[in-house]
Amino acid sequence: MTDLSTQPLDELNLDEAARPKAPPVPEATDIHRRQGGQLAAIHRHYLREMGQIGAVLARIEARDAPPEQLKQLVLSLDMAENFRAFGSLCGRECQVLKFHHDIESTDMFPRIEAAGGGRFREVVAKLKAEHEVVHELIIRLSRAADALAASPSEANFVAAGNTFRKLEEVVRSHFGYEETELAEAIGYYLGSI
């Protein structure tokens with residue numbers, strides 16, 4: 001595992017150019033591809049939640065009242081309360097994403113690698129390396145959210161917001177790569193997730 005803790009936020013990237021392509025699974029059918037598409041459905045759920053958090057962030061930054069559907073997330077118009085709510089949302093998202101990646105890294109990826117006779121080794125290694133970047137960002141966002149909850153200041157809010165945006169950017173790219181490269185393998189080798 002690489003130590004990413006000292007890397008500046010703007011340098012925590014996925015090196016998309018170095019992403020290997022998955023080998024085709026000639027035996028895979030459209031049914032297998034649809035089964036593999038279950039991962040995309042799970043990812044869409046996480047991305048929707050991140051989008052809601054992003055909407056809260058944008059509203060707070062604009063000093064705007066939350067829309068009706070977000071009032072339960074942003075409990076009052078007082079900025080300190082809004083900062084705390086944003087920090088709580090970020091903390092929850094950190095836990096959910098970490099759990100998702102732990103399942104992939106400890107169960108799904110090894111099963112695909114074994115079932116594919118090692119043909120997916122490079123893709124799995126790259127995905128695991130990308131998980132390290134995501135996890136570093138999760139750690140940073142968790143710390144930023146804790147700091148924001150403890151001290152709901154403008155500076156802590158900006159730090160948490162910047163970290164959240166970086167995490168969202170990285171997660172969107174990572175999810176897209178994972179879905180594209182593993183759809184056939186998930187469906188054919190695992191049947192479903």
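The following questions and answers walk through a predicted model of one chain.

Visitor: Which conventions apply to this predicted model?
Guide: Residues are numbered from 1 along each chain as its sequence is written, and side-chain values use heavy atoms, with hydrogens and water left out. Local features need pLDDT of at least 70, totals for chains, interfaces and linings use all residues, and side-chain atom pairs count only at pLDDT 80 or more.

Visitor: What pattern does the chain follow along the sequence?
Guide: Helices (H or I, at least four residues) and strands (E, at least two) are DSSP runs, numbered from the N terminus. The chain has five helices and zero strands. Read along the sequence, the pattern is α-α-α-α-α.

Visitor: What share of the chain's residues counts as buried?
Guide: Buried means under 20% relative accessible area, exposed over 50%, and partly exposed in between, with a 1.4 Å probe and protein chains only. The chain has 193 residues. The buried share is 44%.

Visitor: Where is the kink in H5 centred?
Guide: H5 has 37 residues, yet its end C-alpha atoms are only 47 Å apart. A straight helix would reach 54 Å at 1.5 Å a residue, the expected span being 1.5 Å times one less than the number of residues. The bend at a residue is the angle between axes fitted to the seven residues ending there and the seven starting there. The kink is about 55 degrees and is centred on Leu182.

Visitor: Which residue just after H5 takes a positive phi?
Guide: The phi in question is about 85 degrees. The residue is Gly191.

Visitor: What is the geometry of the Phe120 and Tyr189 pair?
Guide: Rings of Phe, Tyr and Trp (its six-membered ring) pair if their centres lie within 6.5 Å; planes under 30 degrees apart count as stacked, over 60 as edge-to-face and the rest as tilted. By this rule there are three aromatic pairs. In one of them, the rings of Phe120 and Tyr189 have centres 5.9 Å apart and planes at 80 degrees, so the pair is edge-to-face.

Visitor: How many residues apart are Phe120 and Tyr189?
Guide: The pair links distant parts of the chain. Phe120 sits in the loop between helix H3 (79–115) and helix H4 (121–150), while Tyr189 belongs to helix H5 (residues 154–190). The separation is 69 residues.

Visitor: Which residues form one aromatic cluster?
Guide: Tyr188 and Tyr189 also pair edge-to-face, at 5.1 Å centre to centre and 80 degrees between the planes. Phe120 is buried at 1% relative accessibility, whereas Tyr189 at 22% is partly exposed. Tyr188 is partly exposed too, at 33%. The cluster is Phe120, Tyr188 and Tyr189.

Visitor: Which residues touch the most other members of the largest nonpolar core?
Guide: A nonpolar core is a set of buried Ala, Val, Leu, Ile, Met, Phe, Trp, Tyr and Cys residues joined through side-chain atoms within 4.5 Å. The largest has 25 residues.

Visitor: Which residues is Val171 in contact with?
Guide: Contact means heavy atoms within 4.5 Å. Neighbours within four places in sequence are left aside. The partners are Leu47, Met50, Leu97 and Val134.
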